[in-house]
Amino acid sequence: MSFDRTIKIAPSILSADFANFGQEIQAIEAQGADWVHVDVMDGHFVPNLTFGPPAVKAFRPHVKTVMDVHLMITPVDPYIQAYADAGADILTAHVEAGPHTHRTLQAIRAAGMKAGVALNPGTPAETVEHLLDLADLVCVMTVNPGFGGQKFIDMTDKIRKLRQMIGDRPIHIEIDGGVDPQTAPLVAGAGADVLVAGSAVFKGGSVQNPDVYGENIEAVRAAAETAVS
Ligand code: DX5
Ligand code: ZN
(Lines give C-alpha, C1' and ligand atoms only; values in the text may rest on other atoms or scores of the structure.)
(Ligands and ions follow the chains in the order given, each with its own letter.)
Protein backbone atom coordinates (compact mmCIF):
# COMPACT_ATOMS: atom_id res chain seq x y z
CA MET A 1 0.00 0.00 0.00
CA SER A 2 1.84 3.11 -1.17
CA PHE A 3 0.99 6.54 0.23
CA ASP A 4 -0.53 9.36 -1.77
CA ARG A 5 -2.88 12.24 -1.15
CA THR A 6 -5.01 11.91 -4.27
CA ILE A 7 -8.75 11.62 -3.65
CA LYS A 8 -9.84 8.07 -2.83
CA ILE A 9 -13.46 6.95 -2.60
CA ALA A 10 -14.20 4.29 0.00
CA PRO A 11 -17.78 3.00 -0.28
CA SER A 12 -19.16 1.79 3.05
CA ILE A 13 -20.74 -1.64 2.70
CA LEU A 14 -23.06 -0.68 5.56
CA SER A 15 -25.33 0.50 2.72
CA ALA A 16 -24.93 -2.73 0.68
CA ASP A 17 -27.30 -5.71 0.51
CA PHE A 18 -26.40 -7.64 3.69
CA ALA A 19 -27.40 -10.94 2.04
CA ASN A 20 -24.95 -10.41 -0.80
CA PHE A 21 -21.70 -8.85 0.44
CA GLY A 22 -19.38 -10.76 -1.92
CA GLN A 23 -21.05 -9.57 -5.10
CA GLU A 24 -21.61 -6.08 -3.72
CA ILE A 25 -17.87 -5.71 -2.99
CA GLN A 26 -16.98 -6.99 -6.46
CA ALA A 27 -19.46 -4.58 -8.02
CA ILE A 28 -18.19 -1.44 -6.27
CA GLU A 29 -14.57 -2.32 -7.04
CA ALA A 30 -15.39 -2.96 -10.70
CA GLN A 31 -17.10 0.45 -10.68
CA GLY A 32 -14.07 2.35 -9.42
CA ALA A 33 -14.00 2.14 -5.61
CA ASP A 34 -10.46 2.78 -4.35
CA TRP A 35 -10.94 1.21 -0.92
CA VAL A 36 -13.71 -0.84 0.72
CA HIS A 37 -14.90 0.59 4.05
CA VAL A 38 -16.18 -1.95 6.59
CA ASP A 39 -18.17 -0.61 9.56
CA VAL A 40 -17.94 -2.79 12.66
CA MET A 41 -20.47 -1.82 15.38
CA ASP A 42 -20.98 -3.46 18.76
CA GLY A 43 -24.35 -2.17 20.03
CA HIS A 44 -22.47 -0.68 22.98
CA PHE A 45 -20.02 2.00 21.79
CA VAL A 46 -22.66 2.85 19.18
CA PRO A 47 -26.38 2.03 19.25
CA ASN A 48 -26.23 -0.42 16.34
CA LEU A 49 -24.79 -3.85 15.70
CA THR A 50 -23.27 -5.05 12.42
CA PHE A 51 -20.71 -7.83 12.07
CA GLY A 52 -17.52 -9.22 13.60
CA PRO A 53 -14.27 -10.95 12.63
CA PRO A 54 -15.76 -14.05 10.91
CA ALA A 55 -17.82 -11.90 8.55
CA VAL A 56 -14.85 -9.60 7.84
CA LYS A 57 -12.76 -12.68 7.08
CA ALA A 58 -15.42 -13.81 4.61
CA PHE A 59 -15.27 -10.41 2.84
CA ARG A 60 -11.49 -10.61 2.45
CA PRO A 61 -11.19 -12.75 -0.71
CA HIS A 62 -13.59 -10.40 -2.50
CA VAL A 63 -11.60 -7.26 -1.70
CA LYS A 64 -8.84 -6.68 -4.26
CA THR A 65 -8.14 -3.06 -3.25
CA VAL A 66 -7.78 -2.05 0.40
CA MET A 67 -9.95 -3.37 3.23
CA ASP A 68 -10.47 -0.40 5.54
CA VAL A 69 -12.02 -1.62 8.80
CA HIS A 70 -13.63 0.99 11.06
CA LEU A 71 -14.16 -0.31 14.58
CA MET A 72 -16.99 1.33 16.49
CA ILE A 73 -16.49 -0.97 19.45
CA THR A 74 -15.16 -0.88 22.98
CA PRO A 75 -12.94 -2.43 24.18
CA VAL A 76 -10.72 -2.66 21.08
CA ASP A 77 -7.51 -4.35 22.21
CA PRO A 78 -8.87 -7.89 22.77
CA TYR A 79 -10.04 -8.00 19.13
CA ILE A 80 -7.02 -6.59 17.28
CA GLN A 81 -5.48 -9.95 16.46
CA ALA A 82 -8.83 -11.28 15.23
CA TYR A 83 -9.09 -8.44 12.69
CA ALA A 84 -5.48 -8.99 11.62
CA ASP A 85 -6.30 -12.67 11.08
CA ALA A 86 -9.43 -11.62 9.18
CA GLY A 87 -7.21 -9.72 6.75
CA ALA A 88 -7.83 -6.03 7.53
CA ASP A 89 -5.33 -3.75 5.77
CA ILE A 90 -6.23 -0.72 7.89
CA LEU A 91 -7.75 -0.98 11.35
CA THR A 92 -9.24 2.19 12.83
CA ALA A 93 -10.17 2.60 16.48
CA HIS A 94 -12.00 5.52 18.09
CA VAL A 95 -10.06 7.79 20.41
CA GLU A 96 -13.19 7.81 22.60
CA ALA A 97 -13.21 4.00 22.90
CA GLY A 98 -10.85 3.83 25.85
CA PRO A 99 -8.11 5.54 27.85
CA HIS A 100 -5.18 3.91 26.05
CA THR A 101 -5.45 4.74 22.35
CA HIS A 102 -1.66 5.08 22.22
CA ARG A 103 -1.26 1.43 23.21
CA THR A 104 -4.05 0.41 20.83
CA LEU A 105 -2.35 2.03 17.83
CA GLN A 106 0.97 0.39 18.74
CA ALA A 107 -0.77 -2.97 18.95
CA ILE A 108 -2.50 -2.51 15.58
CA ARG A 109 0.84 -1.82 13.89
CA ALA A 110 2.53 -4.65 15.77
CA ALA A 111 -0.15 -6.97 14.35
CA GLY A 112 0.93 -5.93 10.84
CA MET A 113 -1.86 -3.52 9.91
CA LYS A 114 -1.97 0.20 9.18
CA ALA A 115 -3.37 2.05 12.20
CA GLY A 116 -6.22 4.55 12.10
CA VAL A 117 -7.67 6.77 14.80
CA ALA A 118 -11.22 8.12 14.54
CA LEU A 119 -12.74 11.21 16.19
CA ASN A 120 -16.42 11.74 16.90
CA PRO A 121 -17.86 15.15 15.96
CA GLY A 122 -17.60 16.39 19.56
CA THR A 123 -13.94 15.46 19.94
CA PRO A 124 -11.33 18.15 19.22
CA ALA A 125 -8.41 17.71 16.80
CA GLU A 126 -5.88 18.23 19.61
CA THR A 127 -6.89 14.89 21.14
CA VAL A 128 -4.82 13.06 18.53
CA GLU A 129 -1.81 15.40 18.51
CA HIS A 130 0.39 12.99 20.48
CA LEU A 131 -0.87 9.97 18.56
CA LEU A 132 0.02 11.12 15.07
CA ASP A 133 3.41 9.39 14.94
CA LEU A 134 1.60 6.11 15.59
CA ALA A 135 -1.16 6.69 13.02
CA ASP A 136 -1.42 6.04 9.30
CA LEU A 137 -4.90 7.55 9.07
CA VAL A 138 -7.08 9.98 10.99
CA CYS A 139 -10.81 9.50 10.46
CA VAL A 140 -12.94 12.59 11.05
CA MET A 141 -16.55 11.64 11.69
CA THR A 142 -19.01 14.02 10.08
CA VAL A 143 -21.98 12.26 11.69
CA ASN A 144 -22.39 10.70 15.10
CA PRO A 145 -21.41 7.09 14.35
CA GLY A 146 -23.94 4.28 14.32
CA PHE A 147 -26.00 4.60 11.17
CA GLY A 148 -25.70 5.29 7.48
CA GLY A 149 -27.74 7.98 5.76
CA GLN A 150 -27.42 10.71 8.41
CA LYS A 151 -27.05 14.41 7.75
CA PHE A 152 -23.52 15.77 7.30
CA ILE A 153 -22.09 17.78 10.22
CA ASP A 154 -19.59 20.43 9.08
CA MET A 155 -16.14 19.67 10.54
CA THR A 156 -14.16 21.82 8.09
CA ASP A 157 -12.22 23.64 10.83
CA LYS A 158 -11.18 20.38 12.45
CA ILE A 159 -10.03 18.94 9.11
CA ARG A 160 -7.94 22.07 8.39
CA LYS A 161 -6.37 21.90 11.83
CA LEU A 162 -5.50 18.23 11.41
CA ARG A 163 -4.07 18.83 7.97
CA GLN A 164 -1.77 21.44 9.47
CA MET A 165 -0.81 19.22 12.42
CA ILE A 166 0.03 16.34 10.05
CA GLY A 167 2.34 18.40 7.82
CA ASP A 168 4.50 16.14 5.65
CA ARG A 169 3.81 12.97 7.56
CA PRO A 170 2.29 10.14 5.47
CA ILE A 171 -1.08 10.16 7.24
CA HIS A 172 -4.40 10.01 5.42
CA ILE A 173 -7.33 12.18 6.46
CA GLU A 174 -10.52 10.20 6.01
CA ILE A 175 -14.02 11.67 6.25
CA ASP A 176 -16.90 9.46 7.30
CA GLY A 177 -20.59 10.37 7.29
CA GLY A 178 -22.93 12.24 4.98
CA VAL A 179 -20.40 12.55 2.15
CA ASP A 180 -22.08 13.21 -1.20
CA PRO A 181 -21.38 15.41 -4.24
CA GLN A 182 -22.54 18.49 -2.27
CA THR A 183 -20.37 17.95 0.80
CA ALA A 184 -17.31 16.33 -0.86
CA PRO A 185 -15.76 19.64 -2.06
CA LEU A 186 -15.92 21.09 1.48
CA VAL A 187 -13.95 18.25 3.02
CA ALA A 188 -11.53 17.79 0.12
CA GLY A 189 -10.81 21.52 0.07
CA ALA A 190 -9.98 21.39 3.78
CA GLY A 191 -7.41 18.62 3.26
CA ALA A 192 -9.16 15.24 3.29
CA ASP A 193 -8.02 12.57 0.84
CA VAL A 194 -10.17 9.51 1.69
CA LEU A 195 -13.93 9.97 1.36
CA VAL A 196 -16.15 7.28 2.82
CA ALA A 197 -19.61 7.21 1.25
CA GLY A 198 -22.38 4.74 1.99
CA SER A 199 -25.78 5.93 0.87
CA ALA A 200 -24.35 8.28 -1.79
CA VAL A 201 -22.67 5.30 -3.55
CA PHE A 202 -25.29 2.57 -3.16
CA LYS A 203 -28.44 4.64 -3.78
CA GLY A 204 -30.31 3.65 -6.91
CA GLY A 205 -27.93 0.79 -7.80
CA SER A 206 -27.69 -2.96 -7.25
CA VAL A 207 -25.48 -5.86 -8.31
CA GLN A 208 -27.89 -6.24 -11.25
CA ASN A 209 -27.54 -2.56 -12.05
CA PRO A 210 -23.95 -1.74 -11.01
CA ASP A 211 -23.39 1.12 -13.45
CA VAL A 212 -25.26 3.35 -11.02
CA TYR A 213 -22.57 2.63 -8.40
CA GLY A 214 -19.98 3.78 -10.90
CA GLU A 215 -21.87 6.98 -11.69
CA ASN A 216 -22.33 7.69 -7.98
CA ILE A 217 -18.63 7.08 -7.20
CA GLU A 218 -17.54 9.34 -10.04
CA ALA A 219 -19.97 12.07 -8.98
CA VAL A 220 -18.42 12.19 -5.49
CA ARG A 221 -14.88 12.01 -6.89
CA ALA A 222 -15.42 14.72 -9.51
CA ALA A 223 -17.01 17.04 -6.94
CA ALA A 224 -14.11 16.50 -4.52
CA GLU A 225 -11.48 17.04 -7.19
CA THR A 226 -12.87 20.45 -8.10
CA ALA A 227 -11.81 21.58 -4.60
CA VAL A 228 -8.25 20.22 -4.72
CA SER A 229 -5.61 22.48 -6.19
C1 DX5 B 1 -21.37 5.76 10.36
C2 DX5 B 1 -20.42 4.86 9.57
C3 DX5 B 1 -20.28 5.32 8.17
C4 DX5 B 1 -21.55 5.28 7.39
C5 DX5 B 1 -21.50 6.28 6.29
O6 DX5 B 1 -21.47 5.30 11.65
O7 DX5 B 1 -19.15 4.84 10.17
O8 DX5 B 1 -19.23 4.65 7.50
O9 DX5 B 1 -21.82 4.04 6.85
O10 DX5 B 1 -22.73 6.26 5.65
P11 DX5 B 1 -23.29 7.52 4.86
O12 DX5 B 1 -22.30 7.80 3.76
O13 DX5 B 1 -24.60 7.03 4.35
O14 DX5 B 1 -23.39 8.64 5.84
ZN1 ZN C 1 -17.29 4.14 8.96
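In this predicted model, the six donor atoms around the zinc ion (ligand 2) subtend angles of 68 to 168°, which makes the arrangement octahedral. The ion is coordinated by His37 (NE2), Asp39 (OD), His70 (ND1) and Asp176 (OD), at 2.0 to 2.3 Å.

**Zinc site**

- Ideal angles for six octahedral donors are 90 or 180 degrees.
- For six donors, the octahedral label requires opposite donors over 155 degrees apart and all other angles between 65 and 115; the angles at the zinc ion (ligand 2) run from 68 to 168°, and the arrangement is therefore classed as octahedral.
- Along the sequence, the donor residues of the zinc ion (ligand 2) follow the spacing H-x1-D-x30-H-x105-D.
- Aspartate 39 counts as buried because its relative accessibility is 4%, and the cut-off for burial is under 20%.
- Aspartate 176, at 8% relative accessibility, likewise counts as buried.

- Strand 7 spans residues 172–176 and is mostly covered, with five of its five residues buried.
- In a regular strand the side chains alternate between the two faces of the sheet.
- Both faces of strand 7 are covered: His172, Glu174 and Asp176 lie on one side, Ile173 and Ile175 on the other, and all are buried.
- Strand 6 (residues 137–141) pairs with strand 7 in the parallel sense over five bridges; within this pairing, glutamate 174 of strand 7 is the bridge partner of cysteine 139.
- Strand 8 (residues 194–197) also pairs with strand 7 in the parallel sense, over three bridges.
- Strand 6, helix 5 (residues 156–166) and strand 7 make a right-handed β-α-β unit.
- Strand 7, helix 6 (residues 184–190) and strand 8 also make a right-handed β-α-β unit.

**Salt bridges**

- Side chains of opposite charge can pair when their charged atoms come close.
- A search of the whole structure finds eight salt bridges.
- Aspartate 34 and arginine 221 meet through their side chains in a salt bridge (2.8 Å, N to O).
- That pair links distant parts of the chain, 187 residues apart: aspartate 34 is in the loop between helix 1 (21–30) and strand 2, and arginine 221 is in helix 8 (residues 211–226).
- Aspartate 34 is partly exposed, with a relative accessible area of 25%, whereas arginine 221 counts as buried at 12% relative accessibility.
- Lysine 161 and glutamate 126 meet through their side chains in a salt bridge (3.6 Å, N to O).
- Lysine 161 lies in helix 5 and glutamate 126 in the loop between strand 5 (114–119) and strand 6, so this pair ties together parts that are 35 residues apart in sequence.
- Lysine 161 counts as partly exposed at 40% relative accessibility, and glutamate 126 is partly exposed with a relative accessible area of 38%.
- The side chain of arginine 221 also meets that of glutamate 218 in a salt bridge (3.2 Å, N to O).
- Arginine 221 and glutamate 218 both lie in helix 8, three residues apart, about one turn of the helix.
- Glutamate 218 is partly exposed, with a relative accessible area of 39%.
- Asp4, Lys8 and Asp193 are joined into one network by salt bridges that share partners.

Notes
Residues are numbered from 1 along each chain as its sequence is written. Chains are lettered from A and ligands numbered from 1 in the order in which they are written. This is a predicted model: local features need pLDDT of at least 70, side-chain atom pairs count only at pLDDT 80 or more; totals for chains, interfaces and linings use all residues. Side-chain values use heavy atoms; hydrogens and water are left out. Buried means under 20% relative accessible area, exposed over 50%, partly exposed in between (1.4 Å probe, protein chains only). Helices (H or I, at least four residues) and strands (E, at least two) are DSSP runs, numbered from the N terminus. Two strands pair if DSSP finds at least two bridges between them. A crossover is right-handed if, with the strands pointing away from the viewer, the path from the first strand over the helix to the second runs clockwise. Donors are N, O and S atoms within 2.8 Å of the metal (3.2 Å for Na, K and Ca); water is not among the atoms, so sites may look incomplete. Four donors count as tetrahedral if all angles lie between 85 and 135 degrees; four count as square planar and six as octahedral if opposite donors are over 155 degrees apart and all others between 65 and 115; anything else is irregular. A salt bridge is a side-chain nitrogen of Lys or Arg within 4 Å of a carboxyl oxygen of Asp or Glu.
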